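Reader: I have a model open and want to go through its local geometry and packing. Can you take my questions as they come?

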Amino acid sequence: MELFNKYKNKNFTYLTNYINACISDESLALTPDELSVQLSGTSQSTFEEFIQAILNRADLDENNAALFYENKGKMLPLRNISVPIRATIAEKAWLYYVLQNSKADLFLHSGLKERLLDALSRDMDPGDYPLRPEYVDIRELSPENHLDITPELIDRFRTIVQAIRQHRKLTVTNHSYSGQVYSNQVVLPYKLEYSSQFDSFSLSCYPTEEKRPIKMNLSNISSVSLGEKIEQYEVFLTEYEKQLSALKVRQPVQIEILNQNDAYDRCAYLFSSFDTYCYDKGNDKLIMNIYYYRFQAEEIIRNILFLGHYVKVLSPKSIADEVVRAIKASYENYEQDNDQAAFRS
């Protein structure tokens with residue numbers, strides 16, 4: 001399989017993006033010195049001839065790249081058509097697999113998806129580059145966490161995306177995990193979020209009656225329809241984010257991870273839906289700061305317990321105490337079960 005392509009080096013990628021950006025917006029153009037810095041960085045002084053050719057400053061005119069011209073001190077592209085992105089065969093094989101994943105139906109209409117698959121199959125032989133799901137998606141999801149992509153789910157997903165893009169209200173019927181049904185709620189949609197841990201989408205929104213930020217699991221939404229435009233949308237965003245911020249705990253949960261038996265990978269997976277900051281402490285240990293909302297504390301504790309002795313809670317003390325309490329309760333139940341079993345025998 002082709003793993004390297006001359007079009008994938010750093011400078012070619014940068015120049016491609018720079019040309020395309022300037023074609024879209026000339027104000028993004030750089031001066032010759034600025035462009036030179038972007039291309040050379042701090043460790044590529046040996047590329048001086050290359051940079052001079054890009055800037056049309058080569059010793060001989062015939063050695064200039066003739067990609068740009070200077071106008072009022074800015075380097076602008078000579079061409080006025082975007083440079084197409086060049087994909088390697090490996091990237092095409094990956095895309096061919098991704099398009100066959102049912103989640104692609106959420107984002108692409110069937111006609112476009114089929115045209116892409118047809119073009120890829122004509123450009124390469126998929127049989128020569130076999131990909132299996134485990135090559136791309138290494139998660140081991142239980143059947144309960146598998147997202148079932150149905151036509152109804154696709155329709156609801158696209159309706160929600162349309163409402164978010166067009167700043168429109170939604171009328172939603174949602175079923176909570178406790179079995180309660182909230183019929184025909186008018187909500188102001190904020191964003192759709194995906195949890196890789198649970199393989200699920202959630203709608204963050206603001207019900208007009210409850211007047212507080214909530215999340216609805218997309219699989220629990222039985223119906224959704226577009227409503228009217230949201231008046232003063234920017235004001236809504238500011239107020240929503242203000243209320244959401246008030247629910248955020250200021251002090252993150254800080255844990256120390258002993259990076260053995262894939263503990264860090266498992267930890268990163270379990271906390272993938274949280275904002276986190278990680279750094280290497282040394283001695284095969286890592287520190288992870290987990291930023292969370294008050295209503296997420298129980299989930300964090302469950303995940304920490306699941307990771308076992310590979311994780312140590314450094315702060316806050318309240319979370320550490322809850323972890324200790326849960327471990328003690330589990331141990332006491334275990335001892336009690338053993339005593340009862342010994343008594344019966």
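This is a predicted model: local features need pLDDT of at least 70, side-chain atom pairs count only at pLDDT 80 or more; totals for chains, interfaces and linings use all residues.

Reader: Which element is Asn289 in?

Author: Asn289 sits in strand 10.

Reader: Buried or exposed?

Author: Asn289 counts as buried, because its relative accessibility is 10% and the cut-off for buried is under 20%.

Reader: And how far apart are Asn289 and Pro252, in sequence and in space?

Author: They are 37 residues apart in sequence, and their C-alpha atoms are 5.8 Å apart.

Reader: Now the nonpolar core. Which residues of the largest one touch the most other members?

Author: Val253, Ile255, Phe271, Ile290, Ile300, Ile304 and Ile319 do, out of 22 residues in that core.

Reader: Which elements each supply at least two residues of this core?

Author: Strand 8 (253–258), helix 10, strand 10 (285–291), helix 11, strand 11 and helix 12. Helix 11 gives the most, with five residues.

Reader: What does Ile300 touch?

Author: Not counting residues up to four places away in sequence, Ile300 touches Val253, Phe271, Phe274, Ile290 and Tyr292.

Reader: Left-handed or right-handed?

Author: The crossing of helix 10 and helix 11 is right-handed.

Reader: Which residues meet there?

Author: From helix 10, Ala263, Arg266, Cys267 and Leu270; from helix 11, Asn303, Phe306 and Leu307. By class, the contact of helix 10 with helix 11 has five nonpolar residues, one polar and one charged.

Reader: Next pair: at what angle do helix 1 and helix 2 pack?

Author: Helix 1 (residues 10–24) and helix 2 (residues 32–40) pack at about 145 degrees, and their axes are 9 Å apart.

Reader: Which residues of helix 1 and helix 2 meet?

Author: Helix 1 brings Lys10, Asn11, Tyr14, Leu15 and Tyr18, and these meet Leu35, Gln38 and Leu39 of helix 2. The residues of the contact of helix 1 with helix 2 divide into five nonpolar, two polar and one charged.

Reader: What about phi at Lys72?

Author: Lys72 is not a glycine, but its phi is positive, about 55 degrees. Lys72 lies in the loop between strand 1 (68–71) and strand 2 (74–77). With a relative accessible area of 79%, Lys72 is exposed.

Reader: And Lys211, what is its phi?

Author: Positive, about 55 degrees, although Lys211 is not a glycine. Lys211 is in the loop between strand 5 (200–207) and strand 6 (214–217).

Reader: Is Lys211 buried or exposed?

Author: Exposed, because Lys211 has 52% relative accessibility and the cut-off for exposed is over 50%.

Technical notes:
Residues are numbered from 1 along each chain as its sequence is written. Side-chain values use heavy atoms; hydrogens and water are left out. Helices (H or I, at least four residues) and strands (E, at least two) are DSSP runs, numbered from the N terminus. Buried means under 20% relative accessible area, exposed over 50%, partly exposed in between (1.4 Å probe, protein chains only). A crossing is left-handed if the near helix is turned anticlockwise from the far one by less than a right angle, and right-handed if clockwise. Contact means heavy atoms within 4.5 Å. Ala, Val, Leu, Ile, Met, Phe, Trp, Tyr, Cys and Pro count as nonpolar, Asp, Glu, Lys and Arg as charged, and the others, Gly among them, as polar. A nonpolar core is a set of buried Ala, Val, Leu, Ile, Met, Phe, Trp, Tyr and Cys residues joined through side-chain atoms within 4.5 Å. Axes are lines fitted to C-alpha atoms, for helices over the stretch in contact, and angles run from 0 to 180 degrees between N-to-C directions.
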